[in-house]
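Trainee: I would like to go through this structure with you and ask, for each label, what stands behind it.
Mentor: Gladly; let us look at it together and set each value beside its definition.

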Amino acid sequence: LPLLKLTNRLKMAISSKSLFHFTSLNNLMNILDKKYFHVRYSKETFQFRLSTMSYYIPMVCFCDIPLTQTREHIEHYNGYAIGLKRAWGLGHGLNPVFYITDNFTNPLEGLELGSTTNSTGRRAFDYFFCIIKPYKGMNYKCQPPEGKNFYNEKEWRYVPMLHGFSDSLQQIFSEKDFTPDINDRTLSIRNLYKLPFNVSDINYLIVKSIEEKKSLIQYFLSTDYATAIQNHDFIVFTVDEIFEEF
């Protein structure tokens, strides 16, 4: 599509038809080289009425923010991204996050989340909890922490169901039970703990500079991405191009 036609179409969208994963340049190149995302435990914090508690959840995060509205997201999350087809995400079990307000967090208070109790109800709750996120709250990934409306991120998650998958990994770890080596441990079972994709699943790539764009395209020409890049099966954007055009 001509860029103008593509721009007009994107301006009309409420949600993107692509699911974007924002990351660093090094991680992006690693993802492109291996053609899969590696699941890692990520810290999520909930503010209850009487306490603030954190949990570690195994996931790969995406968002379906239209390119027209990605400025804040790009500036906050390193400026590099890969956008894959929504059909790919649905076919691999990705799910939109269920955002909850303070009123809904109250019933969760006091529950023993991440319990190892081996009951069907417990396992179902723990898995469902993995796709819950506060509507708004403090973003502790910033230093110093700052208030944030998480709902604006339009997050999707890939969360593997770990019951029966590994004796050493839980669906949820409480903060007191989580240790840094747990994420390292997932590397030893990489073949079972990854989210794969094909070249044909990619819609967009985002890099910071025109020099990086040229280098990436040149790199693709010597790989199995060559045909796709020559046929314009996916588009490589720079951050400036997105800000200028959208």
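Trainee: Which backbone oxygen does the side chain of His21 reach, and at what distance?
Mentor: The side chain of His21 reaches the backbone oxygen of Cys61 at 2.7 Å. A polar contact is a pair of N or O atoms within 3.5 Å, where within protein one atom must be able to donate a hydrogen and the other to accept it, and where residues adjacent in sequence count only if both atoms are side-chain atoms. Please keep in mind that this is a predicted model, in which local features need pLDDT of at least 70 and side-chain atom pairs count only at pLDDT 80 or more, while totals for chains, interfaces and linings use all residues. Residues are numbered from 1 along each chain as its sequence is written, and side-chain values use heavy atoms, with hydrogens and water left out.

Trainee: Where does His21 lie, and why does it count as buried?
Mentor: His21 is in strand β1, residues 18-23; strands (E, at least two residues) and helices (H or I, at least four) are DSSP runs, numbered from the N terminus. Buried means under 20% relative accessible area, exposed means over 50%, and partly exposed lies in between, with a 1.4 Å probe and protein chains only. His21 has 13% relative accessibility, so it counts as buried.

Trainee: What does His21 touch?
Mentor: Leaving aside residues up to four places away in sequence, His21 touches several residues, among them Ile31, Phe37, Val60 and Tyr80, where contact means heavy atoms within 4.5 Å.

Trainee: Why are helices α2 and α8 called roughly parallel?
Mentor: Helix α2 (residues 25-34) and helix α8 (residues 210-220) pack at an angle of about 20°, with their axes 13 Å apart. That angle makes α2 roughly parallel to α8, since angles under 35 degrees count as roughly parallel, over 145 as roughly antiparallel, 65 to 115 as roughly perpendicular and the rest as oblique.

Trainee: Which residues make that contact, and how do they divide by kind?
Mentor: From α2 come Leu25, Met29, Leu32 and Asp33, and from α8 come Glu212, Leu216, Tyr219 and Phe220. They divide into six nonpolar, no polar and two charged, with Ala, Val, Leu, Ile, Met, Phe, Trp, Tyr, Cys and Pro counted as nonpolar, Asp, Glu, Lys and Arg as charged, and the others, Gly among them, as polar.

Trainee: Is Arg157 buried or exposed, and which side chain does it join in a polar contact?
Mentor: Arg157, in strand β11 (residues 155-158), has a relative accessible area of 1%, and therefore it is buried. A polar contact of 3.2 Å joins its side chain to that of Glu44.

Technical notes: Axes fitted to C-alpha atoms, helices over the stretch in contact; angles between N-to-C directions.
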